[in-house]
Amino acid sequence: MANFEWINNDLLSRLLVERHGTSFRRLVSYEVNFATKKGDNYASEMYRVSLHYDIGVSVKQNIILKVMPSGELQQQVMEENSIYPREIVIYGRIIPKIYQLLSSIGDVSVISPLCLATASAPKQMLVFEDACEQGYQMIDRRYGLDLDHARLVMVKIAKLHACSTIVYEEDRALFDLTMEGCISDDPKKQTFLPYYRRCVRQVMRLVAEWNKKDGRWDQILRKLEKLQDKIIPYGCDVYRRRDDSFNVLNHNDLWINNLLFSSGEGTGVKDVLLLDYQLAYFGSPGVDLNFFLYGSLRPELYHTTLRSTLEQLHYAGTIPTLPDIHVEIIRKGFHRVNAVFQQMPIAMMERSEDVDMDLLLGEGDPSEACRRELFDNPRYVSVLPALLQEFDQSGYLD
């Protein structure tokens, strides 16, 4: 049975006072449930709290508590990478400035759910409005996004990118926590990185099994054997920023479980909200575009929105052309390998509620068995051969 005892009257009243000040009178009642299934948010725990409180009028509202995960390895990774301080700055200071810029050109887009409050005790947490009350919902991660959904994401991420580069020029100190990527040669930020090598070894295991059947995979298998030692340096190159290039605030974890969609009545999908800026990184837009777009959508729509938004905001720098964006996608192309080896197996897994993230990230036979089951998913195995061949032809395995 889940332990919700720490989510109590004192905590909730404190959060409501932070939000409503002296208008808050009393908390009438509350109910706590998990907001997502286990495994859907591997870098946090999400709770939905149904509140009934008095601020002079009776209010019934749901809020979402996003809490530091309880796993020991997960906590270590998050502390090494300043996950919560980073998100607090982005939600509390950067996104409001982005909204001011959009509002100045008559754009009322909402990029992410509203952050209502933050707290450091009894646990580190961010408190959000419940976007589900506005008709937003997560869609099934196992099957990916269709073109209409992907188009909405491209428009929204282009606006985030465009505005962020202007905010950066106005106040660079706001971005201090986003200047280093999640793959780093910093000796203090190494806890998560062995997982990348372990993912390569799982792909090697699958390729070796295929090679026993037809012998066609010798060359790729040899390259993968070398890649397990090079994947971290190559990943560091992805996150190596060039100050003479066009740089933006990358979401840097742009996948289906970090997106909420709403639908119009009889009109299909209508809007999207971006969740989770825990890994946000200031650098080449090729980071986000490769991670999200590879194999899904051409970048023309992204570029049209990016250019239009920058022009309307009278951006003083050089606006990148569509070929410039193509160059960034190619320059950061190795990130496609990271996405396919590290993120895709998680996105396609069948029973996320069975996954213990500390076990998945860890060492030893039980962890190896957990990863083996993850990579043996028939849906993943069915798409991997064509992707490996394309990566080989593109030189990403060399």
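Residues are classed as buried when their relative accessible area is under 20%, as exposed when it is over 50%, and as partly exposed in between (1.4 Å probe, protein chains only). Helices (H or I, at least four residues) and strands (E, at least two) are DSSP runs numbered from the N terminus. The model is predicted: local features need pLDDT of at least 70 and side-chain atom pairs count only at pLDDT 80 or more, while totals for chains, interfaces and linings use all residues. Residues are numbered from 1 along each chain as its sequence is written, and side-chain values use heavy atoms, with hydrogens and water left out.

Helix 7 (residues 286-293) is largely enclosed by the rest of the structure, because eight of its eight residues are buried. The buried residues of helix 7 are G286, V287, D288, L289, N290, F291, F292 and L293.

Rings of Phe, Tyr and Trp (its six-membered ring) are paired if their centres lie within 6.5 Å, with planes under 30 degrees apart counted as stacked, over 60 as edge-to-face and the rest as tilted. Under this rule there are 16 aromatic pairs. Y91 and Y277 form an edge-to-face pair, because their ring centres are 5.3 Å apart and their planes stand at 85°. This pair links distant parts of the chain, 186 residues apart: Y91 lies in helix 3 (residues 83-104), and Y277 in the loop between strand 8 (268-274) and strand 9 (281-283). Y91 is buried at a relative accessible area of 8%, and Y277 is buried at 0%. Ring pairs also join F4, W6, F34 and Y47 into a cluster.

T36 is located in the loop between strand 1 (26-34) and strand 2 (45-54). With a relative accessible area of 23%, T36 is partly exposed.
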